Amino acid sequence: MKNKRARLQVIIDLIRNNCIGSQEELSKILAGKGHKVTQATLSRDLKLLKITKVATDMGGYMYIIPDSNNIQDKMLSAGKTSIKESNVASFVSIQISRNIAVIKTRNGYASGLAYDIDMSRTPEILGTIAGADTLFAVLREDVSQDRALEIFSKFLPISIEPI
């Protein structure tokens, strides 16, 4: 059990501090640190830690630990200046109807954008639901359309014109 705890901590540290895109890559790094594991064991460890894989804007994938906003830090260190700029190529449109925003993206980008929005913990946004190319964001009922656009301009390449 002691070895498992140590291995899990190493996995957490590796995922937090590196862009790792596959179990094979993670397994090799772990072996280099003295933790040889089978693919099945590594898969169970990732499930136990609730580590998930998300698409990157470079066309690959990377593991992240939910409820950690290290994805933004990794994007910044990779030369991206902001989440908003990384969404420029994927954003298609936004429509707001009362307290629901419908955001269209290129195919495959909605879940990453939903993650960014959820991890911002913006109090006016109650939650998101993402498909492949469409994202629904539910806003508090008292949020005006202007305020909603202002909030989403932090994530999306939309400009807010002063009235």
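How many of the 163 residues of the chain count as buried, in percent? The share is 39%. Buried means under 20% relative accessible area, exposed means over 50%, and partly exposed lies in between (1.4 Å probe, protein chains only).

This is a predicted model, in which local features need pLDDT of at least 70 and side-chain atom pairs count only at pLDDT 80 or more, while totals for chains, interfaces and linings use all residues. Residues are numbered from 1 along each chain as its sequence is written, and side-chain values use heavy atoms, with hydrogens and water left out.

## Overall layout

The chain holds seven helices and six strands. Helices (H or I, at least four residues) and strands (E, at least two) are DSSP runs, numbered from the N terminus. Their order from the N terminus is α-α-α-β-β-α-α-β-β-α-β-β-α.

The accessible surface of the chain is about 9700 Å². Carbon and sulfur atoms make up 52% of that surface. Accessible areas come from the Shrake-Rupley method with a 1.4 Å probe; for residues, only the protein chains shown count as cover.

Contact means heavy atoms within 4.5 Å. Among contacts in the chain with a separation of 6 or more, 50% involve residues 24 or more positions apart.

## The sheet

Which strands form the open sheet, and in what order? There are four, in the order E3-E4-E6-E5, with antiparallel pairing. Strands E3 (91-97) and E5 (125-130) stand at the edges. Each has a single partner strand, so one side of each is left without a neighbour in the sheet. Neighbouring strands are turned by 15° against each other on average, direction ignored. Axes are lines fitted to C-alpha atoms, for helices over the stretch in contact, and angles run from 0 to 180 degrees between N-to-C directions.

Two strands pair if DSSP finds at least two bridges between them. Strands of a sheet pair through backbone hydrogen bonds, either parallel or antiparallel. E3 and E4 run antiparallel and are joined by six bridges. Phenylalanine 91 has threonine 105 in E4 as its bridge partner. The hairpin of E3 and E4 has two residues between the strands. Arginine 98, in this hairpin, takes a positive phi near 55°.

E4 (residues 100-105) and E6 (residues 134-139) pair in the antiparallel sense over five bridges. Isoleucine 103 stands opposite leucine 135 in E6.

Two helices contact these strands. Helix H6 (residues 110-120) packs on the sheet and touches E4, E5 and E6. The direction of H6 makes about 165° with that of E5. Helix H7 (residues 145-152) lies across E3, E4, E5 and E6. H7 runs at about 155° to E3.

## A nonpolar patch

Ile100, Ile129 and Phe136 make a nonpolar surface patch of about 270 Å². Patches are made of residues with over 30% relative accessible area and no salt bridge: like charges are joined within 9 Å, nonpolar side chains (Val, Leu, Ile, Met, Phe, Trp, Tyr) within 5 Å. Isoleucine 129 lies in strand E5. Its relative accessible area is 58%, so isoleucine 129 is exposed.

## Salt bridges

Side chains of opposite charge can pair when their charged atoms come close. Here a salt bridge is a side-chain nitrogen of Lys or Arg within 4 Å of a carboxyl oxygen of Asp or Glu. The count by this rule is five. Some of them are listed here.

| Salt bridge | N to O distance |
|---|---|
| Glutamate 24 and lysine 28 | 3.4 Å |
| Aspartate 142 and arginine 140 | 3.0 Å |
| Arginine 147 and glutamate 150 | 2.9 Å |

Glutamate 24 and lysine 28 both lie in helix H2 (residues 23-32), four residues apart, about one turn of the helix. Glutamate 24 is exposed at 53% relative accessibility. Lysine 28 is exposed too, at 57%.

Aspartate 142 is exposed at 58%, whereas arginine 140 is partly exposed at 31%.

Arginine 147 and glutamate 150 both lie in helix H7, three residues apart, about one turn of the helix. Arginine 147 is partly exposed at 25%. Glutamate 150 is partly exposed at 41%. A network of salt bridges links Glu124, Arg147 and Glu150.

## A buried loop residue

Is isoleucine 51 buried or exposed? Isoleucine 51 is buried, with 11% relative accessibility. This residue lies in the loop between helix H3 (39-48) and strand E1 (52-55). The C-alpha atoms of isoleucine 51 and isoleucine 64 are 5.7 Å apart. Along the chain, the two residues are 13 residues apart.
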